[in-house]
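This briefing goes through one protein model, topic by topic. Please keep the sequence and the 3D view open while reading.

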Amino acid sequence: MLENIRIVLVNTTHPGNIGGVARAMKNMGLSDLCLIEPRLFPHRDADARAAGADDILKNASVVESLDDALADCHLVVGTSARSRTIPWPLVNPRELAAIVSPLPVTTRVAIVFGREDRGLTNEELQRCHQHVHIPVNEQFSSLNLAAAVQVITYEMRMAKEVDVSDAKPRWGTEWDVDLAEGRELEMLFDHFEQALTDIDFLDPEKPRNLMPRLQRLLLRAVPDKIEVNILRGMLTAIQKGCRR
């Protein structure tokens, strides 16, 4: 289970925090680290804080966008410390571990952590199937990036230690098709936006919250590859009908 979990850090400012995250990951048996446009990396402060987790830093992938980081992932979870205008499915780290642990090892899971000072943007959080919130002391809620990673990965490891051989799959039965990957979902969302614009259901000048709410609906369903293809086929047929 742990091998299929990717830790994604967005625009990390301090290289020492990257090293601290690498150390936390290695403590818990994770190895897949992805960095989105870190301010300073590689850096000696990252190496120093890694304290023996140099292999995690060496093998970390550095990408330019969230699209690149999530392209091959099937389940995406964003870390959030504040409530949002549009509520999103929200779990704590232990609940998240219970969701992830029964998944097949072929299901790639990304856990996305935001910037040290302001976390993830609304747009970034809307890319996620679920949000995870660490219930900390409300009077002192500031949590170091490496500590946040440690808490969540600890729960992942504990879920692995528990015997889950009798645990039911997520939908109560083994699924017959692989879940849609991030790149496929993004293409679906783009297709929906274009089709809804074509039929004058979506006004690009006044989009309101239509697309974020539609994304929330589709991500909550966790569609598989065939379901995505069916939806896109329907959208194509609608567009052709409009042109006729």
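Does Glu181 count as buried or exposed? With a relative accessibility of 11%, Glu181 counts as buried, where buried means under 20% relative accessible area, exposed means over 50%, and partly exposed lies in between (1.4 Å probe, protein chains only).

The model is predicted: local features need pLDDT of at least 70, side-chain atom pairs count only at pLDDT 80 or more, and totals for chains, interfaces and linings use all residues. Residues are numbered from 1 along each chain as its sequence is written, and side-chain values use heavy atoms, with hydrogens and water left out.

**The sheet**

- Seven strands make up an open sheet with parallel pairing, in the order S3-S2-S1-S6-S4-S7-S5. Strands (E, at least two residues) and helices (H or I, at least four) are DSSP runs, numbered from the N terminus. Two strands pair if DSSP finds at least two bridges between them.
- The edges of the sheet are strand S3 (61-63) and strand S5 (90-91). Each has a single partner strand, so one side of each has no neighbour in the sheet.
- S1 and S6 are joined in the parallel sense by five bridges, and Leu9 stands opposite Phe113 in S6.
- S4 and S6 also run parallel, with four bridges joining them. Here Val76 stands opposite Ala110 in S6.
- Strand S4 (residues 75-79) pairs with S7 as well, in the parallel sense and over three bridges. Thr79 stands opposite Val132 in S7.

- S6 is mostly covered, since five of its five residues are buried.
- From S6, Val109, Ile111 and Phe113 point one way, while Ala110 and Val112 point the other way; all are buried.
- Helix H7 lies across strand S1 (5-10), S4, strand S6 (109-113) and S7. H7 runs at about 155° to S6. Axes are lines fitted to C-alpha atoms, for helices over the stretch in contact, and angles run from 0 to 180 degrees between N-to-C directions. Contact means heavy atoms within 4.5 Å.

**Salt bridges**

- There are 13 salt bridges in the structure. A salt bridge is a side-chain nitrogen of Lys or Arg within 4 Å of a carboxyl oxygen of Asp or Glu.
- One of them links Asp67 and Arg127, with the closest N and O atoms 2.6 Å apart. Asp67 is in helix H4 (residues 66-70) and Arg127 is in the loop between helix H6 (122-125) and strand S7 (130-132), so this pair ties together parts that are 60 residues apart in sequence.
- Asp67 is partly exposed, at a relative accessible area of 42%, whereas Arg127 counts as buried at 14% relative accessibility.
- Glu181 forms a salt bridge with Arg183, the closest N and O atoms being 2.5 Å apart. Arg183 is partly exposed, with a relative accessible area of 42%.
- Glu181 also forms a salt bridge with Lys225, where the closest N and O atoms are 3.9 Å apart. Glu181 sits in the loop between helix H7 (145-161) and helix H8 (182-198), and Lys225 sits in helix H10 (residues 225-243), so the pair ties together parts that are 44 residues apart in sequence. Lys225 is partly exposed, with 22% relative accessible area.
- Through shared partners, salt bridges join Arg6, Asp32, Asp72, Arg108, Glu181, Arg183, Glu184 and Lys225 into one network.

**The aromatic pair**

- The structure holds one aromatic pair, made by Trp171 and Trp175. Rings of Phe, Tyr and Trp (its six-membered ring) pair if their centres lie within 6.5 Å; planes under 30 degrees apart count as stacked, over 60 as edge-to-face and the rest as tilted.
- The pair of Trp171 and Trp175 is tilted, at 5.0 Å centre to centre and 35° between the planes.
- Trp171 counts as partly exposed at 35% relative accessibility, and Trp175 counts as partly exposed at 38%.

**Asp45**

- Asp45 lies in helix H2 (residues 44-50) and is partly exposed, with a relative accessible area of 38%.
- Not counting residues up to four places away in sequence, Asp45 touches Pro15 and Gly16. Asp45 and Gly16 are 29 residues apart along the chain, and their C-alpha atoms are separated by 4.8 Å.
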